Amino acid sequence: MFQFFSGAKKHVKNKVKRTVIRHHRRSGKVLFSDTTLRDGEQMPGATLDPIEKLQIAKALEAAGVHSLDAGFPASSQADIDAIQSMVGVIKKPVLTALCRTLPGDVDAAEEALAGNPPHKRGVSLFCGTSPLHRQFKLEKSKTEVLKLIVDSIQYAAEKFDIVAFSPEDASRTEVDFLCEVYREAIAAGATTIGFPDTVGILTPSKAQEFICQIQDHVSGIENVLLAVHFHNDLGLAVANTLACIDAGANVVQCTVNGIGERAGNAALEEVAMALHLHQDEYERPHHLDVSQLAPLCKLVSELTGIALSPMKPVAGSNIFATEAGIHQDGLLKNPDTYLPYRPETVGESGIKLVLGRHSGKKAILHRLHELGREPNEQGVERVLQAIKELPKGELVDDDLLRKLSN
């Protein structure tokens with residue numbers, strides 16, 4: 001009798017999970033899964049302590065991410081501590097923990113996530129599937145790899161309602177075997193299957209082709225979410241992510257500022273802004289609050305110590321700054337003349353008109369008015385001439401006022 005009720009309860013639970021997954025799929029929403037706290041932190045020099053991880057997790061929650069790849073519990077006690085600090089504090093996103101296909105890793109994840117509601121905690125399992133990984137890393141045959149994957153997913157599914165599986169180095173795995181891996185993973189109880197471009201070798205068209213092949217040849221895919229995870233070794237991680245969104249991927253895994261191993265990962269803020277600005281093209285809603293993006297980028301940069309390039313999309317110091325006189329004149333007349341979006345859209349305060357050798361009269365007058373000065377024509381000409389003679393760099397306010405009075 002106990003077995004009957006236990007089996008009935010499991011059947012109901014599986015039915016509920018399938019209903020939720022199909023709802024997500026039908027909605028067309030792009031679900032952002034952030035891995036800054038795990039894959040991003042693997043970047044040399046980007047190590048975060050538990051307090052800093054919690055601070056970033058709160059900012060990610062405020063920005064509206066669907067799930068947080070919170071860490072790799074089996075790797076260190078610090079990761080367990082960091083994840084435990086989020087339990088009961090981070091309530092909206094699903095908290096997930098990375099696991100190898102080892103029972104001990106799943107047990108460590110269970111310890112780290114203890115206390116979080118079942119529908120808000122999960123594990124992300126991974127196992128190498130490419131010929132390189134099978135031969136040199138795992139030293140296992142295809143059959144042995146499949147058994148390892150199935151056994152670990154079944155073990156994890158006894159402890160977690162949310163079980164994601166990703167075949168490591170999927171982009172260099174034979175397509176037929178890759179699809180077989182996904183079919184077995186779904187049958188074993190995976191609720192999400194991931195496609196990681198582990199070494200960042202794909203182009204957008206090839207990435208999209210993989211997603212189409214998976215959708216066409218993996219039975220049961222309607223019962224799981226399809227996630228993508230791109231590295232940036234060719235500078236194409238964001239483009240590849242967008243191509244897969246266009247092909248129907250449900251979940252995109254990104255990091256803030258694109259940090260991560262080697263050349264990093266797909267940048268969350270860049271993917272989000274591309275979707276925001278091109279809703280007519282992608283027709284895929286999402287729940288990210290883009291007005292939180294610039295502050296989020298700066299927070300992650302500050303806490304990891306990984307400086308932002310001045311040219312970094314969304315949050316770089318040059319994104320809303322210009323020294324060119326023609327651009328400055330246009331921006332003063334209407335900011336949209338030389339901007340793809342207003343600074344306030346991503347949480348920035350405004351445009352910065354830098355005074356340098358390329359600047360014109362309009363920018364000088366604008367800054368002097370901001371400083372409470374009403375110069376005559378001769379004074380502006382004098383400042384303009386002085387600026388043109390600058391060797392390099394920016395004319396700061398003290399120098400501007402000094403040259404005006406000379």
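Two strands pair if DSSP finds at least two bridges between them. I keep that rule at hand for the barrel. The model I am reading is predicted.

**Entry 1: overall**

I began with the whole protein. I counted 16 helices and 10 strands in its secondary structure. The C-alpha trace spans about 95 × 40 × 40 Å along its principal axes. Of the 406 residues, 49% count as buried. Residues 24 or more positions apart account for 74% of them.

**Entry 2: the barrel**

Which strands close into a barrel, and in what order? I found 8 strands, running β1-β2-β3-β4-β5-β6-β7-β8, with parallel pairing. The twist from one strand to the next averages 25°.

Next I checked where β1 meets β8. Strand β1 (residues 31-34) and strand β8 (residues 251-254) run parallel and are joined by 4 bridges.

**Entry 3: isoleucine 193**

Isoleucine 193 sits in strand β6 (residues 192-197). Is isoleucine 193 buried or exposed? Its relative accessibility is 0%, so isoleucine 193 counts as buried; the cut-off for buried is under 20%.

I listed its contacts, setting aside neighbours within four places in sequence. Isoleucine 193 touches Phe165, Tyr182, Ile186, Ile214, Ile221, Val224, Leu225, Leu226 and Ala227. I also took one distance. Glutamate 168 is 25 residues from isoleucine 193 along the chain, and their C-alpha atoms are separated by 11 Å.

**Entry 4: helix α3**

I moved to helix α3 (residues 77-86). Its buried residues include Asp79, Ile80, Ala82, Ile83 and Met86. Seen down the axis, the buried residues of α3 fall within an arc of 165°, so they line one face of the helix. What covers them? I found α2, β2 (67-71), β3 (94-100) and α4 (103-112) among the elements over the buried residues of α3. Glycine 88 follows α3, and its phi is positive, near 85°.

**Entry 5: α2 against α12**

Two packed helices are described by the angle between their axes and the distance between the axes. I looked up both values for one pair. Helix α2 (residues 50-63) and helix α12 (residues 293-304) pack at about 170°, with axes 10 Å apart. That makes α2 roughly antiparallel to α12, since angles over 145 degrees count that way.

Which residues meet here? From α2 I noted Glu52, Gln55, Ile56, Ala59, Leu60 and Ala63. From α12 I noted Leu296, Leu299, Val300 and Leu303. By class, this contact has 8 nonpolar, 1 polar and 1 charged residues.

**Entry 6: helix α13**

My last stop was helix α13 (residues 325-333). Gln328, Gly330 and Leu331 are its buried residues. They cover an arc of only 165° around the axis, which puts them on the same side of α13. Which residues of α13 are exposed on the other side? I found Ile326 and Lys333 there. The cover over the buried residues of α13 includes β9 (321-322), β10 (352-353) and α14 (361-370).

Terms used: Residues numbered from 1 in each chain as written. Predicted model: local features only at pLDDT ≥ 70, side-chain atom pairs only at ≥ 80, totals over all residues. Heavy atoms only, no water. Axes fitted to C-alpha atoms, helices over the stretch in contact; angles between N-to-C directions. Helix = DSSP H or I, 4+ residues; strand = E, 2+ residues; numbered from the N terminus. Parallel < 35°, antiparallel > 145°, perpendicular 65-115°, else oblique. Contact = heavy atoms within 4.5 Å. Nonpolar A, V, L, I, M, F, W, Y, C, P; charged D, E, K, R; others polar. Buried < 20%, exposed > 50% of the residue type's maximum accessible area, 1.4 Å probe, protein only. Arc of directions from axis to C-beta.
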